[in-house]
Amino acid sequence: MHEERSCPCSVWTPASGSRARPAARSRTSSSASGGPGTPTPRSPAGTSAPSRSRPPPGARRSPAPYLPAAERTPEQAGALALAATLADEIADAEALLFAVPLYNFGVSQHIKTYVDLVITDPRFGPRAEPPTAGKPAVLVTVRGGNYSAGTPREGWDHATGWLRRILADVWGMDLRVVERDFTLVGVNPALDSFTDLAAELKATAEREATEHGRLLSSTPAAA
Ligand SMILES: Cc1cc2nc3c(=O)[nH]c(=O)nc-3n(C[C@H](O)[C@H](O)[C@H](O)COP(=O)(O)O)c2cc1C
């Protein structure tokens with residue numbers, strides 16, 4: 001711990017190929033049939049149907065989930081269809097694995113957008129009884145620096161707590177969390193003095209991941 005107190009714990013350099021990847025073992029396809037990029041359906045005359053026309057610029061409209069279906073624009077209908085496809089995917093999954101890096105002291109835009117989209121589906125809203133309730137799930141968080149208790153930047157990880165809220169408290173998953181710090185030791189020379197500590201943290205995270213992985217693979221449906 002003394003070592004950690006003096007470390008430049010959040011010194012990081014962007015790693016190549018960084019990504020956020022919620023991965024659901026699912027029986028359904030994740031390909032969206034009607035995503036936001038879906039071409040806008042046109043009326044025979046080549047104009048949008050009146051009930052689905054774009055609102056005039058500056059007009060205030062309710063968010064898509066609260067509008068009657070007939071009043072949604074094609075873009076809103078497409079976005080809700082994509083949300084339903086993603087919601088189906090985790091609703092049908094037997095077990096879930098989320099591998100999420102810390103980006104700029106928070107969650108990456110990828111996982112935030114994913115959650116914001118899925119949560120618009122009525123099954124996954126804050127007041128729903130979600131179909132993921134009780135499902136086994138593992139969240140693996142990776143951080144270039146070190147944010148553990150006693151380090152100078154303790155409390156700067158604003159991602160892991162939020163992910164716990166969403167996955168365990170809002171979506172009801174039976175969640176285990178593996179936290180891996182110092183992934184940038186060996187990449188960023190400023191962190192070279194933490195080589196031994198990083199190896200220790202890696203070994204611990206791998207042990208926990210193995211244990212939790214066994215749990216996921218032993219779910220009745222996956223066995
Ligand atoms: C855009 C970006 C922002 C990052 N921000 C942080 C950060 O605030 N704190 C940190 O400890 N690491 C940060 N990192 C490092 C990543 O969390 C770390 O490299 C992680 O291991 C990346 O995993 P990946 O290579 O699988 O994407 C950042 C990386 C990138 C690319």
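Two residues are taken to be in contact if their C-beta atoms, placed from the backbone, lie within 7 Å. Among contacts in the protein chain between residues at least 6 apart in sequence, 77% link residues at least 24 apart. The model is predicted: local features need pLDDT of at least 70, side-chain atom pairs count only at pLDDT 80 or more, and totals for chains, interfaces and linings use all residues. Numbering starts from 1 along each chain as its sequence is written.

The protein chain has an average pLDDT (the predictor's confidence in each residue, from 0 to 100) of 80, and 73% of the residues score at least 70. Residues 1-21 have pLDDT below 50, and this stretch makes 44 contacts in the model beyond near neighbours in sequence. For residues 26-51, pLDDT stays under 50, with 35 contacts beyond four places in sequence.

The protein chain contains five helices and four strands, where helices (H or I, at least four residues) and strands (E, at least two) are DSSP runs numbered from the N terminus. Their order from the N terminus is α-β-α-β-α-β-α-β-α. Strands 3 and 4 run parallel and are joined by seven bridges; two strands pair if DSSP finds at least two bridges between them. Val-138, for instance, has Arg-176 in strand 4 as its bridge partner. Between strand 3 and strand 4 the chain passes through helix 4, and this β-α-β crossover is right-handed: with the strands pointing away from the viewer, the path from the first strand over the helix to the second runs clockwise.

Turning to the interior, 29% of the 223 residues in the protein chain are buried. A residue is buried if 20 or more other C-beta atoms lie within 10 Å of its own, exposed if 12 or fewer, and partly exposed in between. A nonpolar core is a set of buried Ala, Val, Leu, Ile, Met, Phe, Trp, Tyr and Cys residues joined through C-beta atoms within 7 Å. The largest such core has 32 residues, and those touching the most other members include Ala-87, Leu-96 and Val-118. Helix 2 (74-92) and strand 3 (136-142) are among the elements that each supply at least two residues of this core. Helix 2 gives the largest share, eight residues. A second, separate core of six residues includes Phe-182 and Leu-191.

Phe-182 also has a positive phi of about 65 degrees, although it is not a glycine. Phe-182 counts as buried because it has 29 C-beta neighbours inside 10 Å.
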